[in-house]
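The questions below go through one protein model, from particular residues to helix packing and whole-chain totals.

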Amino acid sequence: MIVLFPSNLQYKEQRKTCSRRKGLSNFSKEIILFHIKHLYSNCQNTLTISFPNLQYLSLAHCRKFTDKGLLYLGTGKGCHKLIYLDLSGCIQISVEGFRNIARGCSGIQDLLINKMPTLTDRCIQALVEKCQQIVSVVFLDSPHLSDTTFKALSECKLVKVSIEGNSEITDLSCKFMSKCCPYIRHIHMADCQKITDAGLEMISPLKHILVLNVADCIRISDGGVRPFVQGSSGTKLRELNLTNCVRVTDASVTEIAQRCHELTYLNLHYCENVTDAGIEALGNMSSLISIDLSGTSISDMGLKALGRHGKIKELSISECKNISDTGIQEFCKGTKYLEHFYVSYCPQLTDRAVKTMAFHCHRLTSVSIAGCPKMTDTCIQYLAAACHYLHFLDVSGCIHLTDKALKYLWKGCKQLQILKMLYCRNITKQAVSKYTAKLEKQEHNDADPPSWLGYDQDGNILTFTKTHTSEPE
């Protein structure tokens, strides 16, 4: 059962709503999710009285309650059975507030605290002192947490850890996880700049990791990826995200292909040192269904090797300058199950690539050819004639498309829901109004393409220098 309080609901209305629902407390297995945008501290007292069996509570982005309100969770008759708590964005909560939660809600298992720049190690220490049944923590955009937090959490038997955008966490946190969390299955430590190869080596003995995300951890290299893949979880791993780990090379990719027999999702976005040599090895992985190779050095030869796989459902090769229409053709010939295909910002591709895509991949639901200036109405005609399940299409920056393209889509793609047409200067507002009225969402403007697309209003390639995130010294 879901109870949603609108954002403009006032205190008296909250009390009235809670009072009407007192009868629900008779059900011993009651499970209720509260997501309350504007909650006042006094109403939390009513909440604890009315819902003694409350298990799921979201206070995300509520700013009008205080530490005193959280005191009611601990001292009232209700909320002692909470197992899920979301405090994302509640920047007004102090250490004392977390201590109040811990007093009465010691059974919390799932804890979400995202977008909270005021969150500190002392907050987590106060909570974990009595809440030692926590198994899942999510701390996205909480930059002031450090290894001290994970030392405190070592008292819990964590199975899931998600932290992102943090420059304080080091390899020491990986050491705590390795020693104290033997059953951990999900590790997400994206954009944690101090995580190095040593950290991956430390967690390599763990036996149950299914998901590993170290995106934007730019110190990670083959020296960490290979030992981890060779470790106890390598053969069980299902998802691996190495986005922007620019030091990773074909050596790691080859090791992944040889060891990770259960891997279904692999993200190598902006791993620019990955070439056909590593990608050809991925072609032998029967488990892979989703691969992101955007910004890598893949060429037609690598695409042909992936095409032999035959079971890929999602492929992204955006910003891959070494592929051509021929490579797309070779890949699509062997692929019948493809549902999502993203070839954005490949200015060398033409209508022929889309023709092959449409002819061989009838199950496509999402396609992006944004930033491909050589595409014309003809390629949309191919898509509309063959891909009737299309839900999402991005043609932004396809400067030669005209109103005819929208007419083709209107006739052939009855399930289309989202259409993006930014920088399409030859598509008129009248056509957009006529042919996209029933879409869930559409974006359009007729502005000239910005310089970052890499070409001018006529499709002529511009010369510019592309910069990546700098590596540490």
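Q: In this predicted model, which residues does serine 204 touch, not counting residues up to four places away in sequence?
A: Serine 204 sits in the loop between α8 (197-203) and β9 (211-213). Leaving out residues up to four places away in sequence, the residues that serine 204 touches are Pro227, Phe228, Gly231, Ser232 and Ser233.

Q: Is serine 204 buried or exposed?
A: Buried means a relative accessible area under 20%. Serine 204 has 12% relative accessibility, so serine 204 counts as buried.

Q: How many disulfides does a search of the whole structure find?
A: A disulfide is a covalent bond between the sulfur atoms of two cysteines. The cut-off for the sulfur pair is 2.5 Å. For cysteine 180, the closest cysteine sulfur belongs to cysteine 181 and is 6.1 Å away, too far for a bond. Over the whole structure, the number of disulfides found is zero.

Q: How far from cysteine 332 is the nearest cysteine sulfur?
A: Cysteine 332 is buried, at a relative accessible area of 0%. Cysteine 332 takes part in no disulfide, and the nearest cysteine sulfur, in cysteine 361, lies at a distance of 4.0 Å.

Q: How are helices α12 and α13 oriented to each other?
A: Two packed helices are described by the angle between their axes and the distance between the axes. For α12 (residues 300-307) and α13 (residues 325-333), the axes come within 7 Å and cross at roughly 10 degrees. An angle under 35 degrees counts as roughly parallel. The orientation of α12 and α13 is therefore roughly parallel.

Q: How do the residues of the contact of α12 with α13 divide into nonpolar, polar and charged?
A: On the α12 side the contact is made by Asp300, Leu303, Lys304, Leu306 and Gly307, and on the α13 side by Thr326, Gly327, Ile328, Glu330 and Phe331. By class, these residues are four nonpolar, three polar and three charged.

Q: Which residues of α14 make the contact with α13?
A: The axes of α13 and α14 come within 8 Å and cross at roughly 5 degrees, which makes α13 roughly parallel to α14. From α13, the contact uses Asp325, Thr326, Ile328, Gln329, Cys332 and Lys333; from α14, Arg352, Ala353, Thr356, Met357 and His360.

Q: What covers the buried residues of α15?
A: In α15 (residues 377-386), the buried residues are Asp377, Cys379, Ile380, Leu383, Ala384 and Ala386. Their cover includes α14 (351-360), β16 (392-394) and α16 (403-412).

Q: What is phi of tyrosine 270?
A: Most residues other than glycine have a negative phi. Tyrosine 270 lies in the loop between β11 (265-267) and α11 (276-282) and is partly exposed at 21% relative accessibility. Its phi is positive, near 65 degrees.

Q: What is phi of tyrosine 345?
A: Tyrosine 345 lies in the loop between β14 (340-342) and α14. Tyrosine 345 is partly exposed, with a relative accessible area of 29%. Phi of tyrosine 345 is also a positive value, near 55 degrees.

Q: What share of the 473 residues in the chain is buried?
A: The secondary structure of the chain comes to 17 helices and 18 strands. The chain exposes about 20600 Å², of which carbon and sulfur atoms supply 50%. Of the 473 residues, the buried share is 54%.

Terms used. Residues are numbered from 1 along each chain as its sequence is written. This is a predicted model: local features need pLDDT of at least 70, side-chain atom pairs count only at pLDDT 80 or more; totals for chains, interfaces and linings use all residues. Side-chain values use heavy atoms; hydrogens and water are left out. Buried means under 20% relative accessible area, exposed over 50%, partly exposed in between (1.4 Å probe, protein chains only). Axes are lines fitted to C-alpha atoms, for helices over the stretch in contact, and angles run from 0 to 180 degrees between N-to-C directions. Helices (H or I, at least four residues) and strands (E, at least two) are DSSP runs, numbered from the N terminus. Angles under 35 degrees count as roughly parallel, over 145 as roughly antiparallel, 65 to 115 as roughly perpendicular and the rest as oblique. Contact means heavy atoms within 4.5 Å. Ala, Val, Leu, Ile, Met, Phe, Trp, Tyr, Cys and Pro count as nonpolar, Asp, Glu, Lys and Arg as charged, and the others, Gly among them, as polar. Accessible areas come from the Shrake-Rupley method with a 1.4 Å probe; for residues, only the protein chains shown count as cover.
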